[in-house]
Amino acid sequence: MEFLYAITIGPFVQIAQDPQFFLEVLVGGLLSGVLYSLVALGYVLIYKASGVFNYSQGILVLFAALTLVGLIEKGVPIWLAALLTILVTTAVAFAVERLVLRPLVNQAQIILFMATIGISFFLEGLGQIMWGANVRTLDLGLPSGPFIVGGVLIQKFDLVAAVTAGVLVTVLALFFQKTAVGRALRAVADDHQAALSVGIPLKQIWIIVWTVAGLVALVAGVMWGTNLGVQFSLALVALRALPVLILGGFTSVPGAIVGGLIVGAAEKVGEVYWGPALGGAIEDWIAYVLALIFLLFRPQGLFGERIIERV
Amino acid sequence: MAERLDRTTGVDGEPGSPGLDTFPKLLLRNAKLRPERPAMREKDLGIWQTWTWRQALDEVRAIACGLAARGLKRGEKVAVIGDNRPLLYWSMIATQCLGGVPVPIYQDSNAAEMEFVLQHAEVRFAIVEDQEQVDKLLEIKARCKTLTQIFYGDPRGLRNYVEESLYSLAFLQDEGRKFDAAHPDFFLATIAEGSGGDPASFYYTSGTTGQPKGVILSFDNVILTSMAAIRFEGLNERDEALAYLPMAWIGDNVFSVAQAYCAGFCVACPESGATVLQDLREIGPTYFFAPPRIWENILTNVMIRMEDAGRIKRWLFKTFMAHARRVGTRILDGEDVSLGDRALYALGGLLIYGPLKNTLGMSRVRLAYTAGEAIGPDIFVFYRSLGINVKQLYGSTESSVFVTIQPNGEIYPDTVGKPIGDVELRIAENGEVIFRSAGVFREYYKNPQATAEAKTADGWMHTGDAGYIDARGHLKIIDRAKDVGRLNDGTMFAPKYLENKLKFYPFIKEAVVFGDGRDYAVVLINFDMSAVANWAERNGVPYTSYGELAGKPEVYGLIRGNIEGVNRDLADDPMLASSQIKRFLILKKELDADDGELTRTRKVRRRFIGEKYGALVEALYSGKATCEIELQVKFEDGRTGTVRPVISIADAAVFAPRAGAAAPLLKKAS
Amino acid sequence: MTDPGSPRALGEVILAVDGISLAFGGVKALTDVSFDVREGEIRAIIGPNGAGKSSMLNCINGFYKPQRGTITYRGKSVHQMRSHDAAASGIARTFQNIALFKGMTTLDNIMTGRLLKMRTNFLLDAIYLGPAKREEMRNREFVERIIDFLEIQAIRRIPVGKLPYGLQKRVELGRALAAEPKLLLLDEPMAGMNTEEKEDMSRFILDVNDEFGTTIALIEHDMGVVMDISDRIVVLDYGRKIADGVPDEVRRNQGVIEAYLGVAHA
């Protein structure tokens, strides 16, 4: 009885008693969810452009963060390090297109998926060889510490992360909707064969998509690295974005963003209000439960393309 | 005519007075009074282009001088054919500058229909939109002796045409500018020669029988009537309208030219016929006219979209629309409404009405009209409850459009309002509506007999409509006077009234009722394909075509329900209770203007249909359950052939008149 | 309208097909087919179903590599042409089974046809600045002319997947036109259309040829339409050329009549 109360009524009583604290938890969750959104975005971009689920996106996050930290440790100024990291991710994109995607063109999706697993092992190894396997701290001098808005406590860093992600997403959205390249990307995502016939160079498109995915990974890696330290478990954290994809739909950019926010909020709120009754640490699995529920009732995700079966 | 003259001078200094009694003179005034205000817009290559009154004058001047250079003389007729395009509107005004008479022709007329008008009006020049119209004219040019030159707006596809006397409007304007440079005083002088009594344009009315008649309207007719309506409604230069109805229809000329030139407001032309609803949204007119059919289509689209919307949205829509029906029209009419209801209506405005009006392009509409046919009370009330001030008016080509308008605050869905301005309105002894006003046309061109039949020597116009003036002073139209007949039991039979009542049901597109000189009323039905197809899908009725649906018992059941609804209403009206419809059938083919079954304005030609489908009508009065009829059909590949479809005939229930029931004419409107 | 039956002055040879043979495994799709397309003409390739029409088009377009023979396009042998190169060198095409981007709007679809016309570098263009933006505006204007030309203003913002078949065909023609092709290949432009849509499409094809001077090679099995709009016609049957000439000659050709009436082949 007591347990039932603790998971059904108790949490809501608590919320009602101290709505301000609830708001704080919620905002914290939403802000941390922004990072999930970013990683999920990386998956969605590549999935849309090539129909491939890119397993190596998580490693890309780690690899980018690692490169940045490594360069900074070598005494390279932060701005130059950032620039060099961007160049490195671009180089990775070129290499992936040239060495993996091009030879495998027109192969089944599962083969491409396996190839991305290969890429992730390769990048993991390369990162270790280049920068070693120690945990590193990343300090870009981003503001930290809390501040209070309308009685709600907010972490400055979370806010910076959210704003950065917001800007990035806006820029990407404009890029996709307004530029010729963005249009070409959408065209490729829509229909490969048709894109080829109007002369859209598929190779260049892939390079651009992987570069953009790398950039998104870099931002995510920096933010996460600052929070958790740059270490190999970062790649696993990135896999937490999987439930986000299921929530948001594999093909939807807005879905990735909203899905990330929902997962972030659910984790924090769940942990605080339901955690004690369920023995704590539910933060680690609640996202997957959410994903499971979604798979049952709305398999195409929040914004995914509707699966319509016409008779 | 002498008696009329004193009535045809307008208020001093206002349009209609001697210095401002023609459209060219009004154009000069507008170019001087408001040179930089927009006069005309058109969407070209996806971008709205705007011409100010000053620029409009330049364009008109170039065309007018070009026509002069090409030899157009005072009194000669110029055909204008095409979609609503600024160049064509300017061509009409340019013709009037020279004292010529523009004769707009419906752009979807076929070559034979055009030939009649061109010959009858002795048209000398034709100004047309594009290749499509040029092709039609070239086909008949040899038989139209008076037609000497053709000008076109859009050169596409015409490059390789080698015909003589075929020029682009751009070329005409170039010639005009040269002519203007050589004769700088010509333009103003030729405008000054015109006066209000001159014919402004000819309008050929399609008519339900016989050949079209050319209605001659003078500048005074159109300008004075337009001014009366402008004063009645308070239109001004800040208004904006969308010109999308055929230029050959007097209504378009009054709304898009006469009133625009008198009040000085801007008129926008849609990008193409298919984009009107989008253009409406982009332009957001303040003044909008649409026949009932279009109001109906827009509403149907809204309803279909709402069916597909999410559950919450649908619930919100239903709830707030119900509230709007309860209080919306009363708020619009300025009646007493409780504060709570007003607040809820305001919330609805924020959530539903506002966004809906915005998608319809009617956020800014402050005055809208409907006319031509009776509008379904449901439809009428729907728009009014949203806060769109749509009103009914009554008029005709021969009256320069306006006879009566519903005054603000006095909107009754079953009437067409009160006479405006100087209109005198009476009901003749035979029940026909007659009136006298400054707008009554001069004459039918070359048809004194028809003119004499239509209007009396002292200027009373016979409308041919049967109606009465109710206790509130509003005119109510029942039917065409000549169509009102008698059943064998001697009671009144008004087929069009019945047809309109049937057509208020969204499933019924056309209805042709018979009963004059018979024992009871019967009807031939055309259902609305999109509405019924939608219904069929929802109810699991398989079909491939209109013809197949038309034979389905389920569809018969659906239509029977509608007919019985009408019968129930009729039973409540002692005058019409015996007109209840006993038997009906659904036609296997949609009535079509190309087959002569409808007029170009989509009015039913009852007599023609009665002859063509005579066998069906007889079957309706026999006891038979089915009937065969031989029909000529045109297949999609252009071949013709005959088919003999078997059509089933069904009965509908009739109801006993309720004792002492007052006739609730518009039950559905509540 | 110009009389399509009258022979026009023919331009230079823009495309020459010489001795093309193509086989899939053991099945011969084309056997020693030769013909040419001259600048400014409407050239039709017709034949009963399975005659090898689409294979021929796919060879010209670079989708298939013929085993034997050469294709010379504007003086250059294009035996090795890839479809992307074909597009870049001024050949645009439409497909029998419409290959549009279904999720994108009409406008965006036609805009993709302009991609090869972009002079700024494709990668640098990603940064939507100065020259790239101006170029985008120019492209948009050009595309608007096409939209106006094809009378599809009303569907500018509608995803093409939602459009009826006939309109999709028109959008696809628009996308091909956006590339300002020297040679336009149309693969069964009227397939699956009703009479009215066919008339519209015929008018657009004639207008494109007339207005832009585009050379058009089209495949069609509806003989009637082809006779009305083509300058010259090649007839294929079982992968071989059986006739080549102006419509009147082809109409009278005994071999063609037999092929279409299905007389047994010796």
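The structure described here is a predicted model, in which local features need pLDDT of at least 70 and side-chain atom pairs count only at pLDDT 80 or more, while totals for chains, interfaces and linings use all residues. Residues are numbered from 1 along each chain as its sequence is written, and chains are lettered from A and ligands numbered from 1 in the order in which they are written.

On the α5(B) side the meeting residues are Ala111(B), Met114(B) and Glu115(B), and on the α6(B) side they are Lys136(B), Glu139(B) and Ile140(B), with contact taken to exist if the C-beta atoms of two residues, placed from the backbone, lie within 7 Å. By class, these residues comprise 3 nonpolar, no polar and 3 charged, where Ala, Val, Leu, Ile, Met, Phe, Trp, Tyr, Cys and Pro count as nonpolar, Asp, Glu, Lys and Arg as charged, and the others, Gly among them, as polar.

Chain B as a whole contains 22 helices and 30 strands. Its radius of gyration of 26 Å agrees with the value near 26 Å that a compact globule of 670 residues would have, the radius being taken over C-alpha atoms and the globule rule being 2.2 Å times the number of residues to the power 0.38. Along its principal axes, the C-alpha trace of chain B spans about 80 × 65 × 55 Å. Buried residues (20 or more other C-beta atoms within 10 Å of their own; exposed, 12 or fewer; partly exposed, in between; C-beta atoms placed from the backbone) make up 47% of the 670 residues in chain B.

One residue of chain B, Arg85(B), lies in the loop between β3 (77-81) and α4 (86-97), and Arg85(B) counts as buried because it has 21 C-beta neighbours inside 10 Å. When residues up to four places away in sequence are not counted, Arg85(B) touches Glu42(B), Glu129(B), Gly153(B) and Cys269(B).

Within chain B, 4 strands form an open antiparallel sheet in the order β17-β18-β20-β21, two strands being paired if DSSP finds at least two bridges between them. Strands β17 (424-427) and β21 (475-480) stand at the edges with a single partner strand each, so one side of each is left without a neighbour in the sheet. Strand β20 (residues 461-469) pairs with β21(B) over 5 bridges, and Ala466(B) has Asp479(B) in β21(B) as its bridge partner.

Among the 2 pairs of chains that touch, chains A and C have the most contacts, and their contact takes 25 residues from chain C and 21 residues from chain A. The side of chain C that touches chain A draws its largest share, 4 residues, from α2(C). By contrast, no contact joins chain A and chain B, whose closest C-alpha atoms lie 12 Å apart.

Terms used
Helix = DSSP H or I, 4+ residues; strand = E, 2+ residues; numbered from the N terminus.
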